[in-house]
Amino acid sequence: MTDDEVIAAREKVNRAGSSRAARIVTGLPDRHARIEEAAIDLPGRRLMLRVHRPRNAARKLPLIVSFHGGGFIAGTAAQNDWLNSRLAARCPAVVVSVEYRLAPRHPLPQPIEDGHDTLVRLVDDAAGWGIDPAAVAVLGESAGGTIAALIALNTRKDGPPLRAQVLNYPATDWTETMADYPSIREKADNPTLSLSRLRASRKLSLPPTLDPRSVSPVKFENLAGLPPALVVTAALDPMADHGRRYVERLREDGTDARLTCYPRATHSFLSTPGLVPAARPARREILAFLRDHLHPALRR
């Protein structure tokens with residue numbers, strides 16, 4: 001496919017996934033949260049944000065910056081409304097989902113830069129956004145999990161400081177060893193995420209001039225000093241071992257990391273709660289984890 005064909009196909013899929021009819025699969029937003037569109041101006045580009053807030057919030061709240069999946073070539077912030085609105089209403093928190101730029105026109109590391117720069121800008125204007133700059137977390141699924149993990153890694157030195165990271169079925173290895181994991185070899189023809197689709201994402205999003213280790217969290221030499229992590233995986237997901245191996249590496253380097261693997265769950269299952277019942281207990285686990293770290297006074 002040409003770049004234009006990839007973009008046209010993406011726009012068609014995103015329109016369908018964001019439609020009212022798709023809510024049967026993607027789930028209804030929490031009625032106790034409101035969702036607004038906002039724009040943020042960064043050097044050389046303007047990004048759209050999908051902002052979820054509790055309806056009755058009267059004080060500054062923690063910030064959760066969220067990143068959708070799609071292999072860096074597809075996806076939209078709206079696909080995570082079911083999860084993000086619930087977190088906003090029940091944590092409570094301000095959940096900002098970033099419409100980061102996508103390949104092939106905007107290959108890596110541009111999506112990573114969009115995520116990091118958005119986080120910094122939000123925290124710098126904490127009062128304007130009604131957020132607590134000392135209570136910040138990142139959340140991402142699949143390729144968005146790559147972004148969230150890299151932000152946590154790259155903010156260790158210069159900040160802003162993070163209290164937690166939640167990585168849902170993350171892609172943690174974009175190097176030539178991306179497919180060298182048992183879960184991928186065993187499920188190469190999985191209809192929710194095939195090996196051919198993984199390879200297409202890598203080809204379209206990774207320019208030949210970029211060292212793939214720089215966007216592969218599991219390949220970083222030092223994973224110490226990171227915020228506590230919750231890594232959610234799915235037993236039927238080819239990417240399950242990407243998350244499992246990353247948790248092993250985090251623990252080896254002294255970072256607090258929890259791994260949960262949901263049976264009978266597929267890749268992207270938190271974006272398809274209408275099809276996969278495991279999405280509901282996973283959402284409860286994510287909510288409890290973020291509440292514990294963003295509202296420590298409420299810890300059970």
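Select Leu122 and show what surrounds it. Leaving aside neighbours within four places in sequence, Leu122 is in contact (heavy atoms within 4.5 Å) with Ile40, Leu49, Leu63, Val65, Val96, Trp129 and Ile131. The model is predicted: local features need pLDDT of at least 70, side-chain atom pairs count only at pLDDT 80 or more, and totals for chains, interfaces and linings use all residues. Residues are numbered from 1 along each chain as its sequence is written, and side-chain values use heavy atoms, with hydrogens and water left out.

Buried means under 20% relative accessible area, exposed over 50%, and partly exposed in between (1.4 Å probe, protein chains only). Helices (H or I, at least four residues) and strands (E, at least two) are DSSP runs, numbered from the N terminus.

Now select helix H3 (residues 81-90) and helix H10 (residues 279-294). Their axes come within 10 Å and cross at roughly 40 degrees. Axes are lines fitted to C-alpha atoms, for helices over the stretch in contact, and angles run from 0 to 180 degrees between N-to-C directions. H3 is therefore oblique to H10; angles under 35 degrees count as roughly parallel, over 145 as roughly antiparallel, 65 to 115 as roughly perpendicular and the rest as oblique. On the H3 side the contact includes Trp82, Leu83 and Arg86, and on the H10 side it includes Arg283, Ile286 and Leu290. The residues of this contact divide into seven nonpolar, no polar and five charged. Ala, Val, Leu, Ile, Met, Phe, Trp, Tyr, Cys and Pro count as nonpolar, Asp, Glu, Lys and Arg as charged, and the others, Gly among them, as polar.

Move on to Pro92, in the loop between H3 and strand E4 (94-98). A cis peptide bond joins Cys91 to Pro92, with omega about -15 degrees. Pro160 sits in the loop between H6 and strand E6 (164-168), and a cis peptide bond joins Gly159 to Pro160, with omega about 0 degrees.

Finish at Ser142, in the loop between strand E5 (131-141) and H6. Phi of Ser142 is near 55 degrees, a positive value in a residue other than glycine. Ser142 counts as buried because its relative accessibility is 9%.
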